[in-house]
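I have kept to what can be read from the coordinates.

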Amino acid sequence: MAESTEILESKKLALTCGIIMPIAAIGVDYPESHWKDVKDILSEAIELAGFIPRIVSDSEDSTIIHKSIINNIYNDAIVVCDVSGKNPNVMFELGLRLAFDKPVVIVKDDKTGYSFDTSNIQHLPYRKDLRHNTVEGFIKDLAAKIRATYDAPSKQDYQSFLSHFGKFE
């Protein structure tokens, strides 16, 4: 079924929310199918917040994947990062986003501990087992957190993550 012109136009006006998350299996605890389910949940929350979800490695053209990742991490209006399982690539990409001093919302499952370097940033938790009744609440909470984080820089008393560590040009 083709999308209406109105929906297509609204998508053109909507901002992109990048998704940083594992996509491949991490041992037996995190099969690839788990990450597909998590991506669907994150995407639903992102759309509810009024953004277009996209994995940061996605690109419309055929290019070097690292170029897409860096450009999307830098240019996306906001990023949601799932640090569950502490995937090294995810942690590196989160570090880039934080160094770029751009809005990010960090989520993690209830089985993953906090990392020292990012533990001072609020993480929105979800149940690793993705129980339906808890996922519904998580989606609403995440959508609200995305909107609030995106809108925060417009507030007078806003302090970015990087500004807590000094003045950078």
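1. The model is a predicted one, in which local features need pLDDT of at least 70 and side-chain atom pairs count only at pLDDT 80 or more, while totals for chains, interfaces and linings use all residues. Residues are numbered from 1 along each chain as its sequence is written, and side-chain values use heavy atoms, with hydrogens and water left out.

2. The largest pocket holds about 500 Å³ of space (a pocket being an open set of points, on a 1 Å grid over the protein atoms alone, where a 1.4 Å probe fits and protein lies on both sides within 12 Å along at least five of seven lines; the volume is the space filled by probe spheres set on the points, which are joined across faces, edges and corners). Its lining (residues with an atom within 4 Å of a point) comprises 21 residues, of which V104, I121, T149, Y158 and F161 are the closest to the centre.

3. Two or more lining residues of the largest pocket come from each of β4 (104–109), β5 (123–126) and α5 (132–151), with β4 giving the largest share, three residues. Here helices are DSSP runs of H or I with at least four residues and strands are runs of E with at least two, numbered from the N terminus.

4. The second largest pocket holds about 370 Å³, and its lining of 21 residues has M21, S57, I69, N89 and E93 nearest the centre. The helix α4 (88–99) is among the elements that supply at least two residues, and α4 gives the most, five.
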